[in-house]
Amino acid sequence: MPSQQVYIDHLLLQFSQEQFETLPPWIADNFTVIDGGVHTGGRSRNKLIIFRDGTYLELYNWIAKPEDWRAQLPGDFALTTLEPITAEASRDRIVKALASTPGDGGVGVTYSPPREGGRKNAEGFDVRWKIVKPSFTNAAGTPGGEFYPRGRTDAPFFCHDITPRIRRVTSNLNSVTRHPSGATGIERIEVLVPRGLLARYSDVYASIVGAEPEERDGAVEFRLNAPGVHSFTGSLQVREAKTSEDEQFLREKGIGMSSLVLRAETGEPINFSIADYLQ
């Protein structure tokens, strides 16, 4: 497999209008939250929690929610590549890897051509990027429809900058990245899959990331750099369901991102509750 070129980028969490305008105290009291701006087209807006390692959380709200809103969202979390690797080159590598051995594990995953997006940030700058979204087919190894109550969210999307990344992710500002909780970055993103399917999804994520995972008890883990401070690393962990709580999560939210752990100055990890914002 080629050398790893992939970085953790951000998580997308959906907030109702009420939640967005008056953030829950556990968020407002523990994190510095900034206005991100309104997306091109005016249908949605965001607020951001940016960490000093260059990763961030996107608090997303529909201003005018379209009927096909699920199709409009790129996914629950994003990876990225940095210059000089373009969105087109990144997508080509991933598509080829998913079509080769071990490929997509037989679950039916590939990626669509890049699509441009943007927003005007709080300072009035136009921020532009290209999104590369996963696309899915029903293949021989595709899990049953009961594992996709929100549609398919079992692979991440990619967000590639057109304008300088520092405009989208202002991780160079201490006033933005200093948080009351001491959070400094993403320690671990967890993806939950059904029992018996870990090997298939290990193949999927190895192809997407471009690296072999470390095997753990009932899980595989990919170590990924953060885009802002390369010495800080986090991990992407794909875990097989083991408990009744895991099974309930799969019934309600489906295969995909299930847990987020943040790194903190204290050395004690911070568990950020995400389940309520995966809509």
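The model is predicted: local features need pLDDT of at least 70, side-chain atom pairs count only at pLDDT 80 or more, and totals for chains, interfaces and linings use all residues. Residues are numbered from 1 along each chain as its sequence is written, and side-chain values use heavy atoms, without hydrogens and water.

**Largest pocket**
- The largest pocket holds about 660 Å³ of space.
- A pocket is an open set of points on a 1 Å grid over the protein atoms alone, where a 1.4 Å probe fits, with protein on both sides within 12 Å along at least five of seven lines; lining residues have an atom within 4 Å of a point.
- Of the 27 lining residues, Gln72, Pro74, Gly117, Trp129 and Ile131 are the closest to the centre.
- Strand β7 gives the most to this lining, with five residues.

**Cis peptide bonds**
- Most peptide bonds are trans.
- Glu83 and Pro84 are joined by a cis bond, with omega about 5°.
- Pro84 sits in the loop between β5 (77-80) and α4 (87-98); strands (E, at least two residues) and helices (H or I, at least four) are DSSP runs, numbered from the N terminus.
- Another cis bond joins Thr101 and Pro102, also with omega about 5°.

**Strand β13 and its partners**
- β12 (214-216) pairs antiparallel with β13 over three bridges; pairing takes at least two DSSP bridges.
- Seven bridges join β13 to antiparallel β14 (233-240).
- Ala219 has Arg239 in β14 as its bridge partner.

Note on methods
Points joined across faces, edges and corners; volume = space filled by probe spheres on them.
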